[in-house]
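I opened a new page for this protein. I want short notes on what I look up, one entry at a time.

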Amino acid sequence: MGVTGPGTYEPPVELLPGRAGQLVTTSVYKRSGKSSARLGGVQTPQHILGRRSSRGERETYIIPIPKKGLSLSAPPCPAGSGDSPAMGSPLSAWPWASLGAYKYLLYGPLVWTAAQAWREQGGPPTGSWCFHLLLLLALRSLTFQLWFSYGNMLFFTRRRRVVRDGVDFQQIDAEWDWDNLVIMQTLLGAMATSSALLPSVSDLRVWDPRGWAAALLIHVAFSEPAFRCAHKALHQGPLFSEYHSKHHSSPVTQPLTAAYGTPLESLVLTLAMGAPIAGAFLAGAGSVSLVYGHIFVFDYLRCMGYSNVEVISHKTFQAFPFLRYLIYTPTYLSLHHQEKNCNFCLFMPLFDALGGTVHPKSWELQKEVDQGKNDRVPDFVFLAHVVDVVSSMHVPFAFRACSSLPWATHLVLLPLWPFALSMMVLQVLCSKTFTVSFYYLRGRFHQTWTIPRYSFQYFIPPMKKGINHQIELAILRADRMGVKVLSLAALNKNEALNGGGTLFVNKHPNLRLRVVHGNTLTAGVILNEIPGNVKEVFLTGATSKLGRAIALYLCRKRIRVLMLTLSSERFLKIQREAPAEFQQYLVQVTKYHAAKTCKTWLVGKWLSPREQRWAPPGSHFHQFVVPPVIEFRRDCTYGKLAAMRLPKDVQGLGSCEYTMERGVVHACHAGGVVHCLEGWEHHEVGAIDVDRIDVVWKAALKHGLSPP
């Protein structure tokens, strides 16, 4: 995904509504400049029409624009999922859309029946279709989840991604209820198994090769051509805008996109999937393995095609050319998703070839993607580390519903704690720095890499050398790749660990990339939070890197700084750095009660509830300590960790940075972004240059970053 220019927003355009219940868009978004993710050296503009209602109910339509050439550039994602239960065309909205999470109560009768059978039999009711439907539900959900995780494991897949764009928050929100398809098919399965036409499970064979042969024959002879014809019809005129445009509104295909659509589309898929099973049962050759196997293979191939990662080697198609017509590829599917006028097949391109709708560059582009020609070197890298065991699951390749929201401990994640713990041990033993996420800003490619070490390990003396070695290897790797700026996060720039990055810069003086700790902007964020009428502040962590810079900056503004430290030597060293006329504004204190009349507390060292009691009522705690202090005082206010909101034209951002809100990053991350955007040639390591705090702050605002 290489964005070469920001998107542009055109003012809303008023359009009249169509037939009763049909909503027509009121705004247009289009991307300017070159294609942001292109293959084959050609590009295509994308025009997307979309609307979000005031109540958050979302409906989207795409009006296709004639294209020249070929593009795998992801169009901007319309805001919304189109699942509003408002009046509309039949089968265009899900009947349970208004239920929210309560839609899962629809499984209630199945669960109850299976539970009753389990109780009566004293064990798993393998003779109950309800039990098998629930087991299928679990296995299908696991299939989608595993494919989703694989597709987002950038450390495995980044070189073979078809569309280089990222999945942004708008697409994530739109596809939030992707499992509506699975719910519908489970309910339809319950209806089918309750009829007298279907034999009971106890009457079925476990395996019957005749049924597999019949299902394969029916799939090739009926499901494939029928799906292609129905799919092509859905791309015609009003059928597309009313039923299929929502599916195509997802800019980047993901395994979950395979299940995202309207009820009509889902019924077409259900018919294509169910016909072979039904035919085999009607022929008297049905079996339990056929039900499980056919549904698994169907879901597997759908997820593979939508994974946005090439998984079949181009050498396989060179050795066996006929396979090109028997199995599609993610590139093949992505071409259809972008161009919309080709590659309509279900799984077998043979039927597109017979119908003359195969895109001529399908296999050429598949080869390019498989060879890694669609990869791009990042311009900026944010080098993070894992916080703790539980929050290690807050990554894009784990659970999208978790990583797309600020981190919070969810009870549903607690059973996975043993797995997360085992992954921690594995990472310590054999893992190296890996890519976690990415986004694009002003044509620059930004990635987040993670050192496979946890916060508590940074305070274990024997592990410090190994951690520095991991950081050093990451810096050298980025330098070899051609990365321009690498920003150190949190404990990776700890003064006691590596002198805020000076260790690496001194050891490798010929680095082409610039190493940045980002603390200059962190100081700027904290200082600009302080009201202009403040005359006195209480500073803990006063002799730390940030504490020193804050104290020296504030004393120049003639603000009295009560610096909490027991070390007179370190205090005097900082005081002497201040101009002589401002040194009087720096005051050493050794106890918290010295601040009992000061209402502005700058917290750089963790405060216990007992220590917070010394603050007078109405105090505000500005924080630059990790983890943040417990909000113990109800008569006081607490600031959040220093952070900045990324500019509005950021593209492909779909995960939250730890506890930060969407689109907000830690100030040290933002400091590296500013360094990259400005093209500064110096390293930002070691002590903070107080004279550059205002320079960096103004540069951040100039580039569209803002306080959250």
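**Entry 1**

I began with β5 and β7, which pair in the parallel sense over seven bridges. Val386 stands opposite Tyr454 in β7. This is a predicted model, so I keep that in mind on every page.

Next I looked at β6, residues 434–441. It pairs with β7 in the antiparallel sense, also over seven bridges. Here Phe434 stands opposite Thr450 in β7. I noted the general rule too: strands of a sheet pair through backbone hydrogen bonds, either parallel or antiparallel.

Then I checked the hairpin of β6 and β7. Two residues lie between the strands, and Arg442 takes a positive phi near 55°.

Is β7 mostly covered or mostly open? I found it mostly covered: ten of its eleven residues are buried.

**Entry 2: helix α16**

I turned to α16, residues 461–481. How far apart are its end C-alpha atoms? They are 31 Å apart. At 1.5 Å a residue, the 21 residues should span 30 Å, so the two values agree.

I listed the buried residues of α16. Among them are Ile467, Ile471, Ala474, Ile475 and Ala478. Asn468, Gln470, Glu472 and Asp479 are buried as well. I wrote a reminder beside the list: an α-helix has 3.6 residues a turn, so residues three or four places apart point the same way.

What do these buried residues pack against? I found the strands β5, β7, β8 (485–488) and β9 (514–516). The helices α17 (495–498) and α18 (502–507) are partners too.

After α16 comes Gly482, with a positive phi near 105°.

**Entry 3: His508**

I found His508 in the loop between α18 and β9. Leaving aside neighbours within four places in sequence, His508 is in contact with Glu472 and Leu476. A polar contact of 2.6 Å joins the side chains of His508 and Glu472. Glu472 is one of the buried residues of α16.

**Entry 4: the six-stranded sheet**

I followed an open sheet of six strands with parallel pairing, in the order β12-β11-β10-β13-β14-β15. Which strands are at the edges? They are β12 (586–589) and β15 (637–641), and each pairs on one side only. Neighbouring strands of this sheet are turned by 20° against each other on average, direction ignored.

At one end, three bridges join β14 (residues 620–623) to β15. The bridge partner of His620 in β15 is Thr637.

I then looked at two helices. α21 (residues 568–577) packs on the sheet and touches β11 and β12. Its direction makes about 175° with that of β12. α20 (residues 545–556) lies across β10, β11, β12 and β13. It runs at about 160° to β11.

**Entry 5: Gly293**

Gly293 lies in helix α9, residues 288–306. Is Gly293 buried or exposed? Its relative accessible area is 15%, under the 20% limit, so it counts as buried. The C-alpha atoms of Gly293 and Trp212 are separated by 9.1 Å, though the two are 81 residues apart along the chain.

**Entry 6: the whole chain**

I ended with the totals. The protein chain has 24 helices and 17 strands. Of its 708 residues, 56% count as buried. Among contacts with a separation of 6 or more, 70% join residues 24 or more positions apart.

How confident is the predictor? The chain averages a pLDDT of 88, and 88% of the residues score at least 70. Over residues 1–82, the pLDDT is below 50. Beyond near neighbours in sequence, this stretch has 223 contacts in the model.

Technical notes:
Residues are numbered from 1 along each chain as its sequence is written. This is a predicted model: local features need pLDDT of at least 70, side-chain atom pairs count only at pLDDT 80 or more; totals for chains, interfaces and linings use all residues. Side-chain values use heavy atoms; hydrogens and water are left out. pLDDT is the predictor's confidence in each residue, from 0 to 100. Contact means heavy atoms within 4.5 Å. Helices (H or I, at least four residues) and strands (E, at least two) are DSSP runs, numbered from the N terminus. The expected span of a helix is 1.5 Å times one less than its number of residues. Buried means under 20% relative accessible area, exposed over 50%, partly exposed in between (1.4 Å probe, protein chains only). A polar contact is a pair of N or O atoms within 3.5 Å; within protein, one must be able to donate a hydrogen and the other to accept it, and residues adjacent in sequence count only if both atoms are side-chain atoms. Two strands pair if DSSP finds at least two bridges between them. Axes are lines fitted to C-alpha atoms, for helices over the stretch in contact, and angles run from 0 to 180 degrees between N-to-C directions.
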